[in-house]
Amino acid sequence: MYGNSMFFAFIIVSLAGAVLSAFLGKRERVARLVSFGAAAISSLLGLAVSLEVLLGGSVVTLAIPTSVPALGHFSLVVDSLSAYFLLAISILAFCVSVYSIGYTKEYEGRYSTGAMGFVFNVFLLSLVLVVTASNAVLFLIVWETMSLSSYLLVVYENRKQGSVSSGLLYLVMTHLGTALITAAFVLMWLNMPGERSFDFSAFSSLSSAGALPDAIRNAAFLLLLVGFGTKAGLVPLHVWLPQAHPAAPSNVSAMMSGIMVKTAVYMLIRCVFGFLGVHDAWWGLLVLLIACVSALLGVLYALAETDIKRALAFSTVENMGLIFIAVGAAMVFQSYYLADPAGNAFLADLAALALIASLFHVLSHSLFKGLLFMGAGAVMRSEERRVGK
């Protein structure tokens, strides 16, 4: 009932937190309290919106006025899938925001806590907009905002050795992924039957068999898999992850490793199941193969690491592999269900069960990996104080 108002309030509080952090930059203690206090409040508002949608079965929609009709209708929609990821974002963001109030105290006098607060609030807002955007152009805008704001957070401690180079690698990889995602959207838009539109509701018309030529459908899938696989940290596209996550402050690492990489899972599920339709079993088998390799190599690299944050980063590669194993299995079962003339409901149930398993691990991993990075940050801070750094 109050979902639209709370969602609008979330956006306003996040923007206010960012602006106030920038203005209070020289008053570092106040900026720190205001910025992360605002992030905590906005997280609670996001949590309330997600619970209203998940428990009430409603859909929250906010329209954004645009003056270019060719770009479609810009709107933010919180449906069941968006609400689930909003739930994961909000829970972790609240914990990280409270943690950050104390954690960032050590930066006073060395780095601008106001700048950290400004970018952190923008990053949190962009995460939520990514999982609620209902237009391809709007999605790419907020996706790029998420990428750039997370890059600025990675290089926040720019005087620390390796921080800038790690951030640069992340920036290059994330823009490579964005280019491929953009190419996939344009390819689907160009081959859209009927009136073309960048609205995701129009993209959904492509899911039926025969709506797209097989070559176009396969090309779009591969572009999306590589594009979102880069953000997810799937092997061999994971090279940025063990560099960027350890270089970032621990509260930022918790958000990036805990939830940012999951936005790729959200969009791949929406694009594959909602836009393209899973008509070929080899799609799921390919995802299964890549995911198994990622899970295996991720855990092996993690076991060999001696740096705690790099070990946690490689553990994220492993867990993203586990999530995509379930997604790949769901794709295989769904393809066989659609190919079965009798419409065997058991195959549909297996696909749903595999997808539920992937979503469950999305939430569980976001919580435990976020807490592990925050714990690692506390341990490292304690060690720095002990040695007098």
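How do α3 and α10 run relative to each other, roughly parallel or roughly antiparallel? Before you click, two bits of housekeeping. This is a predicted model, where local features need pLDDT of at least 70 and side-chain atom pairs count only at pLDDT 80 or more, while totals for chains, interfaces and linings use all residues. Residues are numbered from 1 along each chain as its sequence is written, and side-chain values use heavy atoms, with hydrogens and water left out.

**Stop 1: α3 and α10**

Select residues 80–103 for α3 and residues 250–260 for α10. The helix names come from DSSP runs (H or I, at least four residues, for helices; E, at least two, for strands), numbered from the N terminus. The two axes come within 9 Å and cross at roughly 170°. Axes here are lines fitted to C-alpha atoms, for helices over the stretch in contact, and angles run from 0 to 180 degrees between N-to-C directions. So there's your answer: α3 and α10 are roughly antiparallel. (Under 35 degrees counts as roughly parallel, over 145 as roughly antiparallel, 65 to 115 as roughly perpendicular, and the rest as oblique.)

Now show side chains. From α3, Ala88, Ile89, Leu92, Ala93, Val96, Tyr99, Ser100 and Tyr103 make the contact, and from α10 it is Ser250, Asn251, Ala254, Met255, Gly258 and Ile259. Contact means heavy atoms within 4.5 Å. Sorted by class, these residues are 10 nonpolar, four polar and no charged. (Nonpolar covers Ala, Val, Leu, Ile, Met, Phe, Trp, Tyr, Cys and Pro; charged covers Asp, Glu, Lys and Arg; the others, Gly among them, are polar.)

Zoom in on serine 100, in α3. It is buried, with a relative accessible area of 0%. (Buried means under 20% relative accessible area, exposed over 50%, partly exposed in between, with a 1.4 Å probe and protein chains only.) Leaving aside neighbours within four places in sequence, serine 100 touches Phe36 and Asn251.

**Stop 2: α1 and α4**

Next, pick residues 3–23 (α1) and 113–130 (α4). Their axes come within 7 Å and cross at roughly 160°, so α1 and α4 are roughly antiparallel too. On the α1 side, the contact includes Phe7, Phe10, Ile11 and Ser14; on the α4 side, it includes Gly114, Gly117, Phe118 and Asn121. By class, this contact has 12 nonpolar, six polar and no charged residues.

**Stop 3: along α2**

Select residues 28–56, which is α2. This helix has 29 residues and reaches 41 Å from its first C-alpha to its last, close to the 42 Å expected at 1.5 Å a residue. (The expected span is 1.5 Å times one less than the number of residues.) Click leucine 55 in α2: this residue is exposed, with a relative accessible area of 73%. Just after α2, glycine 57 takes a positive phi of about 75°.

**Stop 4: valine 137**

Buried or exposed: which is valine 137? Find valine 137 in α5, residues 136–154. At 18% relative accessibility, valine 137 counts as buried. Leaving aside neighbours within four places in sequence, valine 137 is in contact with Leu71, Phe74 and Phe198.

**Stop 5: a cis bond**

Jump to the loop between α8 (214–232) and α9 (241–247), where proline 236 sits. The peptide bond from valine 235 to proline 236 is cis, with omega near 5°.

**Stop 6**

Now select residues 262–276, helix α11. Of its 15 residues, 13 are buried, so α11 is largely enclosed by the rest of the structure. Just after α11, glycine 277 takes a positive phi of about 80°.

The contact of α11 with α13 has 11 nonpolar, one polar and one charged residues.

Last, colour α12, residues 281–304. Its buried residues include Trp283, Val287, Leu288 and Ala291, and the buried residues of α12 pack against α8, α11 and α13.
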